Amino acid sequence: QLQLVESGGGLVQPGDSLTLSCRTSGFTVDYGIGWFRQAPGKEREGVSCISSSDVTNVADSVKGRFTISRDNAKKTVYLQMNDLKPEDTAVYYCAETHVMLRSCMLSENEYTVWGRGTQVTVSS
C-alpha cells in the first residue's frame with residue numbers, strides 16, 4: 001500500500017521546537033523520505049531527507065536546527081525542528097522516492113508519493 005501521513009504541526013512561538021511525523025504503511029523495505037515545505041505564494045522547497053540506508057541531507061536554511069530520523073519498527077520518519085523562526089511557517093509535506101540510492105536528494109521531482117501536508121505556523 002502506498003500511503004504517507006504527516007502529523008505534528010501546529011502554532012508555536014519563535015524559538016520553540018516541534019516534531020513532525022511521517023507514517024508509512026505496507027512497505028517491505030524503507031524507502032527514501034523527504035520533507036518539503038511550501039508557504040503561501042512561495043515555491044515548494046526541500047527541507048531534509050533520509051535515504052533507504054539512512055544517509056541524510058538538510059537544506060542550508062534549516063541546518064543546525066532541524067534533524068531527520070527514522071524509526072524502522074514504526075515505519076515512521078521524524079523531523080525534529082528546533083529554534084523555529086517565522087520564515088519556517090509553511091505547510092510541511094513528506095514524500096517518498098522509490099529510487100534506491102545511498103544518498104537522498106531534495107529535488108521534489110525525485111519523489112512519487114506524497115502526503116497531504118501539515119501546517120506549521122511560527123508567530124509571536
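**Ring pairs and a surface patch in a predicted model**

Biologist: What is S21 in contact with, leaving aside its neighbours within four places in sequence?

Modeller: With those neighbours left out, S21 is in contact with V5, E6, S7, W35, T76, V77 and Y78; please keep in mind that this is a predicted model.

Biologist: And where is the place of S21, and is it buried or exposed?

Modeller: S21 belongs to strand β3, which covers residues 18-24, and its relative accessible area of 14% makes it buried.

Biologist: Switching to aromatics, how many pairs does a search of the whole structure find?

Modeller: The search of the whole structure gives 3 aromatic pairs. In one of them, the ring centres of F36 and W114 are 5.0 Å apart and the planes stand at 45 degrees, so this pair is classed as tilted.

Biologist: Which strands do F36 and W114 lie in?

Modeller: F36 is in strand β4 (residues 32-38) and W114 is in strand β10 (residues 113-114), so the pair ties together parts of the chain that are 78 residues apart in sequence.

Biologist: Are those two buried or exposed?

Modeller: F36 is buried, at a relative accessible area of 1%, whereas W114 counts as partly exposed, with 25% relative accessibility.

Biologist: Then why is the pair of Y93 and W114 called edge-to-face?

Modeller: Its planes are at 75 degrees, with the ring centres 6.5 Å apart, and planes over 60 degrees apart count as edge-to-face. That pair also links distant parts of the chain, since Y93 sits in strand β9 (residues 90-97) and W114 in strand β10, 21 residues apart. Y93 itself counts as buried, at 17% relative accessibility.

Biologist: OK, which residues form the aromatic cluster?

Modeller: One aromatic cluster is formed by F36, Y93, Y111 and W114.

Biologist: What about R44, where does its charged end sit?

Modeller: The charged end of R44 is placed over the ring of Y93, 5.4 Å from the centre of that ring.

Biologist: New topic: which residues form the nonpolar patch on the surface?

Modeller: The patch consists of V99, L101 and M105, which together have about 250 Å² of accessible area.

Biologist: Where is V99 in all this?

Modeller: V99 is found in the loop between β9 and β10, and with a relative accessible area of 43% it is partly exposed.

Note on methods:
Residues numbered from 1 in each chain as written. Predicted model: local features only at pLDDT ≥ 70, side-chain atom pairs only at ≥ 80, totals over all residues. Heavy atoms only, no water. Helix = DSSP H or I, 4+ residues; strand = E, 2+ residues; numbered from the N terminus. Buried < 20%, exposed > 50% of the residue type's maximum accessible area, 1.4 Å probe, protein only. Contact = heavy atoms within 4.5 Å. Phe/Tyr/Trp six-rings, centres within 6.5 Å; stacked < 30°, edge-to-face > 60°. Lys NZ or Arg CZ within 6 Å of the ring centre and 35° of its normal. Patch = residues over 30% accessible without salt bridge, like charges linked within 9 Å, V, L, I, M, F, W, Y side chains within 5 Å. Areas by Shrake-Rupley, 256 points an atom, 1.4 Å probe, with all protein chains shown as cover. Salt bridge = Lys/Arg side-chain N within 4 Å of Asp/Glu carboxyl O.
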